[in-house]
Each structure stands twice: as structure tokens, then as C-alpha cells.
Amino acid sequence: MGSTTMPPPQISNPFDFNVTFTVTNLAATANLQDPNSPLHKSAASIVAFQLDQLFKTSQLKKTFSSCKVLSFSPENIQDTRVYANCTFRNDSDPQKVNRVNVYRVFRGKTSGTSTLGAYLLDSDSLFVNGYNELTASTTMAPIPTINPFDFNVTFIVTNLAATASLRDPNSPLYKSAASIVAFQLDQLFKTSQLKKTFSSCKVLSFSPENIQDTRVYANCTFRNDSDPQKVNRVNVYRVFRGKTSGTSTLGAYLLDSNSLFVNGYNETTASTTMAPIPTTKPFDFNVTFTVTNLAATASLRNPNSQLYKSAASILAFQLDTLFKTSQLNKTFSSCNILSFSPENIQDTRVYANCTFRNDSDPQKVNRVNVYRVFRGKTSGTST
């Protein structure tokens, strides 16, 4: 309660960057992956300290705030993938503080992504908000400082099992499947109305879904001179859906028709039969939070189970009511639950998406105000 007497935070958004890289001399044991273990806490503290020092001694130091480690996960069997978040102040200059420059500062300060303190790094593993420069490309030509149009495209293949081999980036099966899927995606966009500025697609990973299926995580890039009125996540989604017969087939692969997401955007079967979606982008917000009195059982994580459907329906209703009774109610549309996942062993992380109409005022409807409404309506994110 005492915090309300302090000056209100600025309305503008912080400059947040998701920084991920692979450490080759740190094994991703169960202990390391457990946020409550001493090993996780020690490693996270060391990595965060190294990242802080890296940016505090760089040309971006003026508005740098801090870095924190979000998680560790296995990579290539014996290595560890680090997921971190680095934040810069709201008054940062976007011409200086952007994902390209954050990437290059990291790369430069780690001797070409090779060492971070005592840790050895995979030199091609660095991504900053999805941005990566392959070793070969950096020697050929400088990358423009403006950001490309990148889209995270995810979908489920129902006739491809997510075996351990398929999930291993070094296996022949992974390389073959990734190559085939990337080729099919390239052909899809190269023969579409978005072909003029399309660059390429690449597969980032495969993961198990619904026991026997496989979720594909891909990234598709368009040139920097793309027209955002034409090249946006809604149109990328619709091109994919149209070119795959309603998200049903991609080459030899059979797809789950409701599984397609492009930068978090999805049109459910029901909504598309009710009214056409405008071609402009909706105001979509990914809302995530942890519920401490709901266990993330296998049943809760299965979208086809009654428990999942019941919990998702209840939470969506609560979120809808929250925003419908707030100062943002005029252009609020709806919230839907994307997934549940385990957090801190006994808790559950909720991933939701809340949408506002296209005629919303961005001065009012933005992630800061959506955050504050949620926080205020839940007694400081408590109930």
C-alpha cells in the first residue's frame, strides 16, 4: 500500500530484450533447471552479473538497467540454453538501443560469442529478440541497423512424431525435417501476394504436442522495406492458412487446423465464420501470470482434457470481466487462454492473449496500462 505514495511510473514502455545463447561447458542437469535449487540460483546470479558488466562497460551503458536469467534448458544433449532478459530505461534512443546493437555489443564483448566470464559459448547461438547474424553473413556485408520484419510462425504437424532424434538439432532426422519444412514455407510465401519482400523461413525447433504430434517453431523474415500495411502478422497468418488449405496440409505434412499462430495471432474456426477480421492489426497483448493454488498436472496441460477446458473457460471469463469493468472497456474485445505450464514445481504459469479493437487509442490501450489495469483489478496481482 505504501508504494502508492511514490511518483507514478512513466507510461512509456521499457526497452526489453530477450537474450538467448548456448553455454557449452555447463550441463543442463535437473538441478540447474529447477529455479528453487542452489545450483540454479548460483548460475543465474553469475550469468546475470556477467551480462550486467558486459552492458555497463559498453556504448549502451547510459540507459542500461539490468539483466536477469529467466531459465536454463538442455541443448544438444550436453549443453545448456540460457534465456535472459535485459532492460534499458524508457528514455533510451531507439536508434542506438535496438536488438541489432544489443546483439552486436554482446557479440563484441564476448569475443565473437565465444566466452562470457568462465563460460564457453556456441558462437552461432546468440539471438536477441529473435535476431541473429550468421558468422558467414557478417563477413559479407553489414546488416542494416533497422529491424527486419520477423514473424514467429508455429503450427502442429499431426503425422510427424516428436522423437528424441527429431528434437536434437544435430541429428540427421532433425536436419532433414527442418530443411523440408523450411523449403515448404519458402515456397508458400514466394508464390503469395507477399512475395516481393519475402526473404526466407527457418525452423527453430520441434517439440512434442498432444503426445503423438509435433509442434513446429519457425521464423519467417521479410525485407526491411516491406509495407507494414501489407506485411503484418494478420496477413502472414492468412497467407499461410490460404496456401495450406485452411491449415490442413504443408507438402506431405498434415496440420492441426487450429494450431497456427503468427507472433501470437490466431483466428479460431468459430471467429472466422462470424465476421471478417479487419486487415489492420488488432491490439493484442500476451498476458502471463502464475497461479499458486493450481497444480500443472498432465491433464491441465492437455488442451483436449475436461480439466483444461474448464480452467481455461473460468480464467478467460475472469479476465474478460476484469477488462470489461475497467477504464479500457470501450474497445476491449476478449481474452483467451493459450496454455498452462509448470512453474516452481507446484504452481502453474498461465499464458493468455487479450485483444482490443483496431480503433483503440494507443495512448490509452498499451502494455503498460493493460498491466496496471490487471494489477489494480487483482489487488496487486494477488487474487
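Strands S13 and S15 run antiparallel and are joined by nine bridges. S13 covers residues 283-291. The model is a predicted one. Two facing pairs show how these strands line up. Phe289 stands opposite Val350 of S15. Phe285 has Cys354 of S15 as its bridge partner.

Strand S14, residues 332-343, is antiparallel to S15 and connected to it by 10 bridges. Here Ser339 is the bridge partner of Tyr351 in S15. Put together, the strands form an open sheet of three, in the order S13-S15-S14, with antiparallel pairing. S13 and S14 are the edge strands, since each pairs on one side only. Neighbouring strands of this sheet are turned against each other by 20° on average, direction ignored.

How many of the 10 residues of S15 are buried? Eight are, so S15 is largely enclosed by the rest of the structure. The strand spans residues 347-356.

Now turn to helix H8, residues 306-324. Start with its length. At 1.5 Å a residue, the 19 residues of H8 should span 27 Å. The C-alpha atoms at its ends are 27 Å apart, which agrees with that expectation.

Next, look at which residues of H8 are hidden. Tyr308, Ala311, Ala312, Leu315, Ala316, Leu319, Asp320, Leu322 and Phe323 are buried. They cover an arc of only 165° around the axis, which puts them on the same side of H8. The spacing fits a general rule. An α-helix has 3.6 residues a turn, so residues three or four places apart point the same way. The face turned away from the buried side of H8 carries exposed residues: Gln306, Phe317 and Lys324.

On the H8 side, the contact is made by Leu319, Leu322 and Phe323. On the H9 side, it is made by Val370, Val373, Phe374 and Lys377. Leu319, Leu322 and Phe323 are also among the buried residues of H8.

Another helix pair can be described in these terms. Two packed helices are described by the angle between their axes and the distance between the axes. Helix H5, residues 172-190, packs against helix H6, residues 233-243. The angle is about 105°, and the axes are 10 Å apart. H5 and H6 are therefore roughly perpendicular to each other. From H5, Leu185, Leu188 and Phe189 take part in the contact. They meet Val236, Val239, Phe240 and Lys243 of H6.

Two of these H5 residues lead on to a cysteine. Cys201 lies in strand S8, residues 198-209. Is Cys201 buried or exposed? Its relative accessibility is 6%, so Cys201 counts as buried. Leaving out residues up to four places away in sequence, Cys201 touches Ala182, Leu185, Asp186, Phe189, Asn219 and Cys220. Leu185 and Phe189 also meet H6. Cys201 and Phe222 are 21 residues apart in sequence, with their C-alpha atoms 9.1 Å apart in space.

Two backbone positions are worth checking. Thr247 has a positive phi of about 55°, although it is not a glycine. Thr247 sits in the loop between H6 and strand S10, residues 249-250. With a relative accessible area of 0%, Thr247 is buried. Ser379 also has a positive phi of about 55° and is not a glycine. Ser379 is in the segment after H9. At 55% relative accessibility, Ser379 counts as exposed.

Finally, step back to the whole chain. The protein chain holds nine helices and 15 strands. It has 383 residues, and 44% of them count as buried. Among contacts with a separation of 6 or more, 69% come from residues 24 or more positions apart.

Definitions and conventions. Residues are numbered from 1 along each chain as its sequence is written. This is a predicted model: local features need pLDDT of at least 70, side-chain atom pairs count only at pLDDT 80 or more; totals for chains, interfaces and linings use all residues. Side-chain values use heavy atoms; hydrogens and water are left out. Buried means under 20% relative accessible area, exposed over 50%, partly exposed in between (1.4 Å probe, protein chains only). Helices (H or I, at least four residues) and strands (E, at least two) are DSSP runs, numbered from the N terminus. Two strands pair if DSSP finds at least two bridges between them. The expected span of a helix is 1.5 Å times one less than its number of residues. The arc is that of the directions from the helix axis to the C-beta atoms. Axes are lines fitted to C-alpha atoms, for helices over the stretch in contact, and angles run from 0 to 180 degrees between N-to-C directions. Angles under 35 degrees count as roughly parallel, over 145 as roughly antiparallel, 65 to 115 as roughly perpendicular and the rest as oblique. Contact means heavy atoms within 4.5 Å.
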